[in-house]
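Dear colleague,

Please find below the structure that I am handing over to you. I would be grateful if you would look through it before reading the notes.

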Amino acid sequence: MIEKVLTYQETDGKIRQIEKQLNDSESKKRGRQFSAYLRDAEAAFKKMEQRSKELNIMLNGLTQSFDEKVKLVGEYEKNIDTSRDLEEINYLRKKIDDLAKVLISVDKDVKSILQEIEEISKQYDSYRDKYPMARKQYLECKENFEKEKEARVPELNELQKSLKKIEKTLDPEILDTYQKIKGQGIYPPFVPLVGSNQCGGCQMEIPSGIVANIDQKGYIKCDNCRRIVYKTKV
Ligand SMILES: [Zn+2]
């Protein structure tokens, strides 16, 4: 009984290996990198667009406020020229001084926004220059990977067929046990007993009370890694 499930496991292992080889292939790896770059670039484009809109609105507001204040300074100056009232002239001069301070601050804000716009523009150009090449390389990798995958299809089909064939001869309970362990991400699910009491999967010692049952059923369960431990024939 155990021999059949071991053949099943071996065939299943070959399929897993091909899948792993494909997944680890250079074209697949590089394709993943380019795909990540393209995703990042698209997210960056969106973010830059949004920020540019915000900055433009801010810039328009500041420019308008700057113009209004400059106009006001002009009016105050005109009033100073025509006024004869010293107190009024002093008051207007004070107002102009205050406005000058505000204008300096607005000017600083405008400069800082312009600088950010310039930085965004540089970043945008850099992405825009690299994007088409990255996309081309991504498509090449994808195409190469498809070819690599295609080349392994006959082999995979053959293995799948054998697997199905062996599956029919297996005890449903043992197959179910196999699938359940594998489903937990544990592979291989069936491992030999090493020495007199060691699990061939996790290398932990199995208590003698459990090992004692191995002759009766042909296999036992490792409580540590949950694998099925079978006895190899001497
Ligand atoms: Zn174990």
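Predicted model: local features only at pLDDT ≥ 70, side-chain atom pairs only at ≥ 80, totals over all residues.

Residues are numbered from 1 along each chain as its sequence is written.

Helices (H or I, at least four residues) and strands (E, at least two) are DSSP runs, numbered from the N terminus. Helix H3 covers residues 86-169 and has a kink of about 40 degrees at Val 153, shortly before the proline Pro 154. The bend at a residue is the angle between axes fitted to the seven residues ending there and the seven starting there. H3 lies largely in the open, because the number buried is 2 of its 84 residues. Here, a residue is buried if 20 or more other C-beta atoms lie within 10 Å of its own, exposed if 12 or fewer, and partly exposed in between, with C-beta atoms placed from the backbone.

The sheet is open and has 4 strands in the order E2-E1-E4-E3, with mixed pairing. Its edge strands are E2 (198-199) and E3 (219-221), each of which pairs on one side only. Two strands pair if DSSP finds at least two bridges between them. E1 and E4 run parallel and are joined by 3 bridges; Pro 192 has Tyr 230 in E4 as its bridge partner. E3 and E4 (residues 228-230) run antiparallel, also with 3 bridges, and Tyr 219 stands opposite Tyr 230. E1 and E2 form a hairpin with 3 residues between them, and Gly 195 in the turn has a positive phi of about 65 degrees.

The domain assignment, which is automatic or from a database, gives domain 1 (2-169) and domain 2 (175-230). Their centres, taken over C-alpha atoms, are separated by 51 Å. The contact (C-beta atoms, placed from the backbone, within 7 Å) takes 7 residues from domain 1 and 9 residues from domain 2. H1 gives the most to the side of domain 1 that touches domain 2, with 6 residues.

Yours sincerely

Terms used: Contact = placed C-beta atoms within 7 Å.
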